[in-house]
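Me: I would like to learn how to read backbone angles in a model. Could we go through some cases?

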Amino acid sequence: MAPVETTERLGRSLGFFSTFAIGTGTMIGAGIFLLPGIAMANAGSGAIISFLLGGLITIATSISMAELATGMPLAGGSYYYISRTMGAAFGAVIGLGSWLALIFKGTFALIGLAEYAQIFHPMPIYLVAAVTGVLLLIINFRGAKSSGSLQNFIVVILLLILFVFIGKVSFEVRPENLLPVAPHGVVSIFTTAGMIFISYLGLAEAAAVAEEVKNPSKNLPRAFIASAVVVTLFYAGIMAVVAGFSGPEGGASTVTSLADIAGFIAGDSGKFFIAFSALLATLSTANGAILSSSRFPFAMSRDALMPKWFVSIHKKYETPHNAILVTGSVMVLLLFLFDIEQLARLGGAFNILIFILLNMAVIILRKRTLPGYEPTFRDPFFPFTQIFGVVGSMLLLPLLGGLPLLFSVLMIFAGAGWYMFYGKDKAMPAYNLFDLLENNVERVSAEPEPVGRVLVPVSNPGHERDLLKLADLLGNEIICLHVVEVPSQISLTVGQELYHEKQIEIDSRFRDYFEQYPAKFGNKRDYIVAFDHTISNSIIEQAEIENADIIIMGWHDSKRFKYSFGDVTNDVLLSSKSQIALLKGHLPDSIKKVLVAYNGRENSVHGLSLAKKIAENTGASIRIISIVSPDEDPEKKAKIAEELEGLVKKIPSTPASFKLLERYSIEDAILEVSNGYDLTIIGDSSERFKISLLGTLSQRIARHARKPVMIVKKSKPISKESLNYLLKKYARKAYAKFRKEKGRD
């Protein structure tokens with residue numbers, strides 16, 4: 001009997017309204033009862049514009065979020081989208097920051113609850129808030145059944161109450177109360193817009209249920225956008241009637257402005273009814289913060305960015321008790337550190353950062369390919385929606401004040417530090433932002449395209465033989481390039497004419513040697529004399545014109561590149577689209593043994609490919625080595641050894657073997673082994689943001705190796721090291737110009 005196959009499926013039970021209710025519930029709540037008075041105290045009736053501006057940015061971000069959610073429907077939330085677009089380091093920053101921002105919102109709601117509780121009976125505000133926080137912690141610690149359904153029910157009730165409130169108060173609005181629009185200046189409107197962003201905190205987290213939504217390609221975009229629009233209209237409507245009823249000073253006199261207005265219109269019954277609604281809303285918001293406390297730690301722990309202890313499940317209560325305990329405790333502690341307006345600004349600050357990154361993620365994914373990302377909804381107004389979301393958010397962030405900015409910066413450093421300390425080299429995803437920008441997310445195939453055309457720039461007669469021999473072994477066609485550097489004071493045409501008139505002398509030995517060189521494998525040879533003001537520009541340009549697959553350049557001595565290291569070589573590495581090989585040392589007449597240092601990254605894969613070509617043309621054997629720490633996990637060691645064995649099996653026509661070395665120092669291991677080989681090939685795997693475009697490891701090996709070393713590197717014009725080099729290059733030019741002008745003075 002044939003075995004029975006088992007298929008596992010995730011149930012999709014959420015329709016449009018359920019998804020809409022979740023999205024709306026993450027935003028409507030404590031903020032709508034607490035922020036009107038605070039906003040009017042800061043911006044007067046201009047606070048209406050503040051909420052509209054914040055709402056427009058939120059709507060733009062909801063459109064971006066809809067595209068991200070339909071492209072990654074199996075998981076959701078700002079943490080997942082940003083970490084998958086920008087890497088684990090950004091994931092650590094946004095995960096910790098979003099979690100703390102959620103805690104700030106919960107603390108904000110607790111203070112608001114205590115303020116509205118005063119309407120029923122005067123009590124110490126912070127005592128009420130702290131006791132409520134502890135009770136919510138205990139309830140969630142022990143487990144709260146069907147709390148999600150209760151949240152949605154509360155949302156619907158609140159929307160109905162607020163709709164009735166707007167309708168009743170609108171008949172009492174006096175237009176003159178809305179003037180002046182900006183009593184505290186126009187800037188106050190934008191400052192307040194940043195502060196009230198805590199109201200929109202959590203919209204992106206509604207995408208966490210994306211995998212449970214029916215027909216996600218339609219329901220997700222509609223629900224996200226509709227919830228952002230509805231919440232924006234409700235906030236603007238509430239602000240309009242509050243300002244129009246009481247005027248800028250009256251509405252700003254109290255945190256409980258909605259209950260006070262209801263008391264004026266409907267007496268104590270109206271006041272108590274709104275106060276009770278506010279208690280429900282603030283309680284719902286605070287409970288939701290604790291209820292969702294494990295969302296970010298869970299997601300981060302799956303990606304090896306958080307210890308499993310933090311999200312362990314209680315055996316009896318079946319709740320993530322540690323995450324709940326930490327979240328609730330921090331929430332209560334914050335009650336005694338910040339006032340309600342500071343909490344709003346702090347929570348809003350990181351929400352703005354989340355919105356910036358979400359919109360940027362859409363821009364990046366439209367231009368680059370992320371495997372498996374195929375959104376069924378695409379923003380028809382791209383990129384204008386995302387530009388508005390990014391620019392609008394960035395304009396608001398600096399206006400929030402020094403403390404929120406400091407908080408944001410500290411969270412960025414804390415997240416990056418946590419990644420370096422805990423998650424580096426093990427966290428998911430394994431790629432980072434620049435890998436995605438370079439379209440290098442997936443593991444590189446061990447069979448790159450074969451090398452055909454080789455460009456050899458020559459400037460040192462003593463090294464030309466080695467470069468040409470290497471070019472002959474690697475390619476089918478050899479192009480020898482000699483650049484005549486023309487002074488910037490004369491045109492290139494004039495320089496060429498002076499050369500033909502023999503007024504500019506060039507070394508003819510390069511051409512003579514090239515013509516006499518006994519190429520064994522290159523079928524075609526060309527010699528180019530190029531006139532340029534800049535050597536590096538000529539190499540890059542000629543490589544593109546000749547459609548070169550690889551550029552072979554030489555290392556002048558043990559300390560420097562021939563082409564002034566940091567100048568020509570770095571310029572070529574910065575901008576060339578071709579693969580580059582840098583040869584240090586002199587090749588022996590007969591190459592019998594080739595060593596390849598392999599780590600599975602793109603450059604070492606290309607290095608192995610070039611080693612196979614050399615071995616095929618010389619009959620040499622290949623030894624592949626990979627270095628791991630002696631403390632490395634045994635399973636990972638076995639996996640690397642299995643990969644190396646697979647690579648050897650793919651080289652049937654050449655004697656090949658592999659060795660997994662356990663050493664603490666990669667450099668010492670390679671230098672030790674390389675002494676027994678005629679040529680060592682290293683795929684440069686420089687850590688980004690180094691001083692040089694070439695990694696320090698490969699530089700050290702090349703400088704100290706006794707035998708010839710070839711470093712292979714594929715140029716990445718938009719990489720971090722490129723940006724770093726450009727900044728240093730232009731800084732040097734600016735400094736030189738400053739010194740020159742200072743000398744004139």
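Me: In which loop is N547 found?

Reply: This is a predicted model. N547 is found in the loop between α20 (535-545) and β4 (550-555).

Me: Is N547 buried or exposed?

Reply: The relative accessible area of N547 is 56%. Exposed means over 50%, so N547 counts as exposed.

Me: Which value does phi take at A304, and where is that residue?

Reply: Phi of A304 is near 60°, again a positive value in a residue other than glycine. A304 sits in the loop between α11 (295-302) and α12 (321-334).

Me: Why is A304 called partly exposed?

Reply: Buried means under 20% and exposed means over 50%. A304 has a relative accessible area of 23%, so it is partly exposed.

Me: Now the peptide bonds. Is the bond that joins L179 and P180 cis or trans?

Reply: Most peptide bonds are trans. The bond between L179 and P180 is cis, with omega about -5°. P180 belongs to the loop between α7 (147-170) and α8 (186-195).

Me: What is omega for the peptide bond from M428 to P429?

Reply: Omega there is near -5°, and the bond from M428 to P429 is cis. As for its place, P429 lies in the loop between α15 (402-423) and α16 (433-437).

Methods
Residues numbered from 1 in each chain as written. Predicted model: local features only at pLDDT ≥ 70, side-chain atom pairs only at ≥ 80, totals over all residues. Heavy atoms only, no water. Helix = DSSP H or I, 4+ residues; strand = E, 2+ residues; numbered from the N terminus. Buried < 20%, exposed > 50% of the residue type's maximum accessible area, 1.4 Å probe, protein only.
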